[in-house]
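Welcome! Take a moment to turn the model around on your screen, and then let us walk through it together.

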Amino acid sequence: MITTEQNIDPKLIPILEAVSDPEIPVLSIMDMGVVRSAVFENSIVKVQITPTYSGCPAMDVIGDDIRKALKDAGYKSEVELILSPAWTTDWITPRGRKALEDYGITAPLGVEADKDVLLHGKRLVKCPQCGSTNTKMVSQFGSTACKAQFQCDDCLEPFDYFKCLK
Amino acid sequence: MKDNLYQYILGIADNSLILGQRMGELCGHGPSLETDIACTNISLDLFGQVRSYYQYAAKIAGDGRTEDDIAMLRKERDYVNVLLVEQPNTDFAYTMARHFLFDVYHLLFLTELKKSKDMTLAAIAIKCIKEVSYHRRFSSDWIRRLGDGTEESHNRMQAAINDLWTYTDELFHQTEADKAMVSEGIGVDVTKLKAAYYEKVNTILEEATLTIPESKYFQKGGKLGIHTEHMGFLLSELQYMQRTYPNMEW
């Protein structure tokens, strides 16, 4: 139906990279991997975005922000929300992962490590403050749908862990 | 075909809407901050899923109704959720037992819906599976924690399971729309999920030192719009804004 490849017109990349995730402002929507395509069709920019979680309340804001950014750049646009293929944390770029960690949110581990952490309480998640992996899960659900709450047992700081979604 | 598909989508979506409303009621009332946030996160997931279904239903209906109209402007008899999901949050054991008994079904259901010939429903299912797996993990943990906890928590959890068990059989009843959609290769044959459901529920309950009650009588009616006395109260809150300020937009 739709490929997992992104299809983004190179001209539009700098504009879209300037749009940030309203809940994690350090992260561009491009680094988050939510923009799946952005192409010119009869002088209108058609953008397809996909939600991280079904109920992500940021999607409406992201849609508005994209339309505004493109309008400011002189383009008319249409933004469509698509569900397939479903978003995965694998689509967060290396730059996005770094931005998350700098912001104080630990980027997702791989699927198996994620299960070890969330199901078996293994200490693998690195504290974004002090770098220790002596951390424990406080709650499977965090401040937003995509995060879990953790605490570091060395520096005692609480922090968010971005859950693995595949 | 069109009417059956529309009705079929409501049959799926109404469960998530009503359960989402129940979980949302815990906002600010959860037994701890973490569970409060967890329950409202789950509620948000369910409402997100519901939007995808109702948007699709509105497109199928094609008569100008929007997703909000479908969610907010129906009468009680027009909601076709199972009775299980409308049961109230009496205590946290009850809330988690209700959620667990639905989650196990929900995940089995979505895993089949993913194979639907209807590409939209299949896409929604794939998206939902990721979220619902997490919900089931959360509720299963609480079943174990409370069931295999103190004498008090064990008794309360067993009482909740005993109370709610009567609503589980309805999950596997087929409506006319269900049958029509199954024959089209679009719908899930829920009658075939029963064995896997009992097996999974039983495994978790055993781990939690709980038992399935030996009940021979099961309640039904929600799928046909015949609800328990709790539904009216739930809807009066769910629909409050639209009833008080008709046609208001957010």
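How many bridges join S1(A) to strand S4 of chain A, and do they run parallel or antiparallel? Strand S1 and strand S4 (residues 35-41) of chain A are joined by 2 bridges, and the two strands run parallel. Before we follow that pair further, please keep in mind that this is a predicted model.

If you look for the contact point between these two strands, find A:Ile8, whose bridge partner in S4(A) is A:Ala38. From there, step across to the next strand. S4(A) pairs with S5(A) over 6 bridges, this time in the antiparallel sense. In this pairing A:Val35 sits opposite A:Ile49 of S5(A). The two strands form a hairpin, with 2 residues between them. One residue to look for in that turn is A:Asn42, which has a positive phi of about 50°.

Strand S5 (residues 44-49) of chain A is also joined to S6(A), again by 6 bridges, and here the strands run parallel. A:Val47 has A:Val79 as its bridge partner in S6(A). Helix H3 of chain A, residues 58-72, packs on the sheet and touches both S5 and S6 of that chain. The direction of this helix makes about 160° with that of S6(A).

Now put the pieces together. What is the order of the 4 strands in this open sheet of chain A? The order is S1-S4-S5-S6, and the pairing is mixed. Strand S1 (7-8) and strand S6 (76-81) of chain A stand at the edges; each has a single partner strand, so one side of each is left without a neighbour in the sheet.

Another pairing in chain A is worth a visit. Strand S2 (residues 20-21) and strand S3 (residues 24-28) of chain A pair over 2 bridges in the antiparallel sense. A:Asp21 has A:Ile24 as its bridge partner in S3(A). A hairpin connects S2(A) to S3(A) through 2 residues.

Next, let us turn to a helix. Which residues of helix H5 in chain A are buried? In this helix, which covers residues 111-120, A:Asp114, A:Val117 and A:Leu118 are buried. Seen down the axis of H5(A), the buried residues fall within an arc of 85°, so they line one face of the helix.

Stepping back, we can look at chain A as a whole. Chain A has 5 helices and 10 strands. Its C-alpha atoms fill a box of roughly 55 × 30 × 25 Å along the principal axes. A compact globule of 166 residues would have a radius of gyration near 15 Å, and the 17 Å of chain A agrees with this. Of the 166 residues in chain A, 42% count as buried. Among the contacts in chain A with a separation of 6 or more, 51% are between residues 24 or more positions apart.

Chain B comes next. The secondary structure of chain B consists of 11 helices and 0 strands. The radius of gyration of chain B is 18 Å, close to the 18 Å given by the globule rule for 250 residues, so chain B is as compact as a globular protein of that length. Along the principal axes, the C-alpha trace of chain B spans about 55 × 40 × 30 Å. Of the 250 residues in chain B, 45% count as buried. Residues 24 or more positions apart make up 73% of the contacts in chain B with a separation of 6 or more.

Finally, where do the chains meet? The contact takes 15 residues from chain A and 19 residues from chain B. On the side of chain B that touches chain A, the elements giving two or more residues are helix H2 (33-61) and helix H6 (119-147) of chain B. H2(B) gives the most to that side, with 10 residues. By class, the side of chain B that touches chain A has 10 nonpolar, 4 polar and 5 charged residues.

Notes: Residues are numbered from 1 along each chain as its sequence is written. Chains are lettered from A and ligands numbered from 1 in the order in which they are written. This is a predicted model: local features need pLDDT of at least 70, side-chain atom pairs count only at pLDDT 80 or more; totals for chains, interfaces and linings use all residues. Two residues are in contact if their C-beta atoms, placed from the backbone, lie within 7 Å. Ala, Val, Leu, Ile, Met, Phe, Trp, Tyr, Cys and Pro count as nonpolar, Asp, Glu, Lys and Arg as charged, and the others, Gly among them, as polar. The radius of gyration is taken over C-alpha atoms; the globule rule is 2.2 Å times the number of residues to the power 0.38. A residue is buried if 20 or more other C-beta atoms lie within 10 Å of its own, exposed if 12 or fewer, and partly exposed in between; C-beta atoms are placed from the backbone. Two strands pair if DSSP finds at least two bridges between them. Axes are lines fitted to C-alpha atoms, for helices over the stretch in contact, and angles run from 0 to 180 degrees between N-to-C directions. The arc is that of the directions from the helix axis to the C-beta atoms.
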